[in-house]
4 protein chains.
Amino acid sequence: MGSGGATSGDRELALELGELVARAGWLLLTGGRNEGVMDAASEGAKRVAGSLTIGVLPSESDKNVSKFVDVAIFSGMNNARNAINVLSSDVVVICGTMGPGTASEASLAIKSERSVILLAPGDPAERFFTSLKAAKPVQVATTAPDVIDKIRALFPNR
Amino acid sequence: MGSGGATSGDRELALELGELVARAGWLLLTGGRNEGVMDAASEGAKRVAGSLTIGVLPSESDKNVSKFVDVAIFSGMNNARNAINVLSSDVVVICGTMGPGTASEASLAIKSERSVILLAPGDPAERFFTSLKAAKPVQVATTAPDVIDKIRALFPNR
Amino acid sequence: MGSGGATSGDRELALELGELVARAGWLLLTGGRNEGVMDAASEGAKRVAGSLTIGVLPSESDKNVSKFVDVAIFSGMNNARNAINVLSSDVVVICGTMGPGTASEASLAIKSERSVILLAPGDPAERFFTSLKAAKPVQVATTAPDVIDKIRALFPNR
Amino acid sequence: MGSGGATSGDRELALELGELVARAGWLLLTGGRNEGVMDAASEGAKRVAGSLTIGVLPSESDKNVSKFVDVAIFSGMNNARNAINVLSSDVVVICGTMGPGTASEASLAIKSERSVILLAPGDPAERFFTSLKAAKPVQVATTAPDVIDKIRALFPNR
């Protein structure tokens, strides 16, 4: 998960992360739109690594879907779809500096007791999210390979 | 789409329909639970025809998921997930005698201007749903192969 | 609940029903938009009978809200809001000939085990909805006062 | 909005805030459950100040509703209901130290371009939420009367 208006640095990080998730044999699920972290991570998983990709979208129809998303789920629920994204993920990786939509996903993931990894979140986000009471401790990673290592440690048998 | 409490006749119809959808090269999306039409259609697509299958579930977690569903989307929204199922489908096939949940999917599909095919709906349902004003006419089929023919006619290039 | 594109006859029925609901001391909840049955029922409860009125809207903001709605809840969820309307009601009255959105509300109300009264639904709708398996039997009324009598019988102490 | 598991200090703050909101002639909307900030704010508005109160609940039915809520909207959508609460509010006041559910409401309120006031949020939350890009600047208050002053400044004509 990450901002639709991500910086180019965060987009590069997302591209690498998407590729590594796919090469690890896991399935990438994003917010599905054709911009920012969603689009770059999907591109990494699909174009670079050849994997199937899933997107859960805020809209009712296929405007603004990333061309790197194979399975598009249209929620028609605007921002309420953020709750679906985190419930449908075993691990929620928050990639780069958050916008408010991404912050809601990080929050909902903690609330829903999902494993959360913040990748290069910046200092205010790291301090805030690690201060929240969480059933599973919020982890912080600095690189995409570091995220993969942390996921392997969480799910040693996958 | 179809009832979780379907008759064995409707389950057989769903199994055949799931298989034929997969053999046509299309992707099957169901309500994802481990019973009734959802489960049988997913079994037909996955176990019999070897296809990928998608399920959009009412729950927040993986209790009661059909073992024939590969990609499980957890909405956590109970019956409101019915709106997502129909928005995410190019064609909504209603399989067998409807329960009230399935009736809401048929209704929402018409409201959302999706193509709707009723397979062996029974007389009261056929009369009611074909009486509704619809952007795309509601069609009625009597067999699973008949559904496939009607979908091909709707999307001649897929 | 009723169609946004209701006939003038169904709007008159809704106006009377909204007034009688309010005069009975009950709270009217509708879909909240400024057209059809929603608007007329809210007008009956508020302008004619002076009651508080509630509306649960599909939109994210206050465009197209009925001017007869006091408390507007913005779901931002498009048709998925229909699930909220029925869950929030002790009795779901379906007023007049249904469009597909209203049909989804009737269906979801039965699925959610709410008491459902169809007011002048027309023959195909009456036959279909009374054929569904329901925890509480679906009732049919022919006039607004008849609806009020049926609600009193359901909740003798209110 | 605030945590269901709030400290007694945050509950007292919420009680005072609910009372002051009601005395200002505004309508209080909370998450509606019978605990924490929701319950205390509703008590302040209803028991102390005699106002109407609204609650939008995660559940499908009336278990765990605050007894100080007059109008209970049942979303049946679990945490996705947080999106509804913020869309239905002109000003979103976040009361006290946040749990993750409340953090999602603060985030969604900023994303939905609502006016947001953080009341005694603590340092990590203040630093994080004021660092997010926001259409309307996130404000921080230290007391309940301070919140009221800030709302009056936002809506001078109400």
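Let's start where chain D meets chain C: 18 residues from chain D touch 18 residues from chain C. Keep in mind that this is a predicted model.

How much area do these two chains bury between them? About 1,300 Å², and 73% of it is on carbon and sulfur atoms. Three residues stand out here. D:I73, D:M77 and D:L87 supply 34% of the area that chain D buries against chain C, more than any other three residues.

Next, the charges. The interface of chain D and chain C has zero salt bridges. Polar contacts do turn up there, in four residue pairs. Which elements of chain D build its side of this contact? β2 (53-57), β3 (71-74) and α3 (81-87) each supply at least two residues. The largest share comes from β3(D), with four residues. By type, the side of chain D that touches chain C has 13 nonpolar residues, three polar and two charged.

Now turn to the other interface, between chain A and chain D. Here 24 residues of chain A are in contact with 24 residues of chain D. The two chains bury about 1,900 Å² between them. Of that, 70% is on carbon and sulfur atoms.

How many salt bridges cross between chain A and chain D? There are two. One of the pairs to look at is A:R127 with D:D123. Their closest N and O atoms are 3.2 Å apart. Two residue pairs are in polar contact across the interface of chain A and chain D. On the chain A side, the elements giving two or more residues are α3 (81-87), α4 (100-111) and α5 (123-131). α4(A) gives the most, with eight residues. The side of chain A that touches chain D divides into twelve nonpolar residues, eight polar and four charged.

Let's move to salt bridges in general. Side chains of opposite charge can pair when their charged atoms come close. Over all chains, the count comes to 32 salt bridges.

Take a pair in chain A. A:D70 and A:K46 form a salt bridge, 2.8 Å from N to O. Why does this pair tie together separate parts of the chain? A:D70 lies in the loop between β2 (53-57) and β3 (71-74), while A:K46 is in helix α2 (residues 36-48), so the link joins parts that are 24 residues apart in sequence. How accessible are the two partners? A:D70 is partly exposed, at 35% relative accessibility. A:K46 is partly exposed too, at 28%.

Now look at chain B. B:D39 and B:R11 meet in a salt bridge, 3.8 Å from N to O. B:D39 sits in helix α2 (residues 36-48) and B:R11 in helix α1 (residues 8-23), 28 residues apart. Is B:D39 buried or exposed? With a relative accessible area of 10%, B:D39 is buried. B:R11 counts as partly exposed, at 27%.

Then chain D. D:R11 forms a salt bridge with D:D39, and the closest N and O atoms are 3.7 Å apart. D:R11 is partly exposed, at 28% relative accessible area. D:D39 is buried, at 10%.

On to the nonpolar core. In soluble globular proteins, nonpolar side chains tend to be buried together. In this model, the largest nonpolar core has 104 residues. Which residues have the most contacts inside it? They are A:F129, B:F129, C:F129 and D:F129.

Follow D:F129. Leaving aside neighbours within four places in sequence, D:F129 touches A:F128 in chain A. Its contacts within chain D include D:M98, D:A103, D:I110, D:L118 and D:V138.

What does C:L17 touch, beyond its neighbours within four places in sequence? The contacts are C:V93, C:L119, C:A144, C:V147 and C:I148. Finally, a distance: the C-alpha atoms of C:L17 and C:L28 are separated by 9.7 Å, and these two residues are eleven apart along the chain.

Technical notes:
Residues numbered from 1 in each chain as written. Chains lettered and ligands numbered in written order. Predicted model: local features only at pLDDT ≥ 70, side-chain atom pairs only at ≥ 80, totals over all residues. Heavy atoms only, no water. Salt bridge = Lys/Arg side-chain N within 4 Å of Asp/Glu carboxyl O. Buried < 20%, exposed > 50% of the residue type's maximum accessible area, 1.4 Å probe, protein only. Contact = heavy atoms within 4.5 Å. Buried area = accessible area lost by both parts, 1.4 Å probe. Polar contact = N/O pair within 3.5 Å; in protein donor to acceptor, adjacent residues only side chain to side chain. Nonpolar A, V, L, I, M, F, W, Y, C, P; charged D, E, K, R; others polar. Core = buried A, V, L, I, M, F, W, Y, C linked by side-chain atoms within 4.5 Å.
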